[in-house]
Amino acid sequence: MTERGFRISAEARLLGDGGRSGEALGAIEPELQLSPASVSKAYLAAAALDRWGPQHRFTTKLVSAAELDGNGVLRGDLILDGGGDPALASEDLWRLAQRLHQAGVREIEGRLVVSQWRFGPVECITTDRCEAQSRTANSYSALLSSAGVNHGNWCVNVAPGAAIGEPARITSCDSQSLILGIDNQVETRAAGSGTEFSAERVTREEGDVMLLRGHIARDAAPRDVYRASGDPARQTARTLLAMLEQAGIAVGQGYATSIEAPPASARNLAQVEGKPLQELLLQVMNYSNNFMADVLALNLVDTPRASLLQAGEAIQDYVAGLPDHGPVVMLSGSGLTTENRTSARGANVLLESMFHRSSLFPSFVASFQSPSNGVARFIRRGSPLFQDHIMLKTGTLNQPYAVRAVSGYFRTRSGRWGVFTVLVNGTASTPWLNWAQVLDPLAQDLERMIEAH
């Protein structure tokens, strides 16, 4: 691959005992600094486990400084205190609404205020996220907030209309009523005629609108469509407002978003705890969820109004404590920032350091995928020996140049542990790089190492 213009940093080594470095089994420029793409998430996972431990949960609260009178009327604003939960979902908001009802609240005289004082709106530093502030046709470019819900994505369900020629039926995935604008130009056609439609979220003066164009067959199954919202805190406000109304809690003055912390006098009216960190990491790593990764990284920053650059610095500070790692550059926890840099040797030092942390390693290694059982089908390559003896994290970028990165653990025939990392970076002029060109030779090399030891 080097003859085609690609730069490679690769290393595989056995792990030693008692902190001793193990035997190197193979290497190609192991200290060359290259982009790791989503292998950056392994650094984030290690830093997060080091900071909080596997059982840490992020808490989202409904608070208010207003008086609750004897008739269940809250005489002021209700504030959602966004706790930075990377996996906050509609179900959590519904639980908050129910618990508020259980606390005796039947009416909010003021506004519903969504506070993203910890972080948000977060300055965009990648092209897709910057464009998503006004419009997007994908879900992965979600913007970031400590009060975001559903991975910063709107969801609508598209189903055939009642008759041929009628518009498709559009409903919200998260509410009995629509909670964002819909511009529906999807026509219902005859059964068996095929289905093809596009969906784009645009932001207008009145807020987010989903533009739907195309056609759907009369016998087609309903389909959920996800698109990144233009303002995740506002999305949370609109979603929670709908749920409060469904729970029988009226809100008198609509909703607002804020970057101010709730007043010190605010008391807790309802709260939900998120999933344990070790469960969050399964989603972050297995599905390479960029929204969750960067929200989790932003939580590593101790001061309010955190930026992605500060989040990257927090990860770098963690890596600085790993002996012999060498240089590292992290501008995000997701790896979407192409300026992230590490080496194969550095990534292996990270993996080895976690291997020797008995209380953290089970949660860490569980977030890596086994090719034979992983959620990503493209990693199911090589022999059963390869597929059953390794755990890995992959990273992919296509713009502004190709990146294919893979890093993880292997077990030999005799039961010894090893670590491996391969970073392949192209340039603007190198040809297309597919995963087979990286995984197939890697599988052959690791098979030999697993058999030999």
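The model is predicted, so local features need pLDDT of at least 70 and side-chain atom pairs count only at pLDDT 80 or more, while totals for chains, interfaces and linings use all residues. Residues are numbered from 1 along each chain as its sequence is written, and side-chain values use heavy atoms, with hydrogens and water left out.

The sheet is open and has three strands in the order β4-β6-β15, with parallel pairing. Because β4 (73-74) and β15 (250-251) stand at the edges with a single partner strand each, one side of each is left without a neighbour in the sheet. Strands here are DSSP runs of E with at least two residues, helices are runs of H or I with at least four, both numbered from the N terminus, and two strands pair if DSSP finds at least two bridges between them.

## Cavity and pocket

Both kinds of space are found on a 1 Å grid over the protein atoms alone: a cavity is a set of points where a 1.4 Å probe fits but cannot get out, a pocket is an open set with protein on both sides within 12 Å along at least five of seven lines, and lining residues have an atom within 4 Å of a point. The count comes to one cavity of 30 Å³ or more, and the largest cavity has a volume of about 30 Å³. Its lining consists of V122, E123, C124, R129, L143, L144 and L308.

The largest pocket holds about 860 Å³ of space and is lined by 36 residues, of which Y140, N290, L336, T396 and L397 lie nearest its centre. The elements that give two or more residues to this lining are α3 (127-132), α5 (277-286), α6 (290-299) and β18 (390-397), and β18 gives the most, with five residues.

S64 lies in strand β3 (residues 59-64) and is buried, with a relative accessible area of 0%, where buried means under 20% with a 1.4 Å probe and protein chains only. The side chain of S64 reaches the backbone nitrogen of A66 at 3.0 Å, and a polar atom of that side chain lies 2.7 Å from the backbone oxygen of D77.

Leaving aside residues up to four places away in sequence, S64 touches L74, D77, S265, A266, R267 and L269, contact meaning heavy atoms within 4.5 Å.

Note on methods
Points joined across faces, edges and corners; volume = space filled by probe spheres on them. Buried < 20%, exposed > 50% of the residue type's maximum accessible area, 1.4 Å probe, protein only. Polar contact = N/O pair within 3.5 Å; in protein donor to acceptor, adjacent residues only side chain to side chain.
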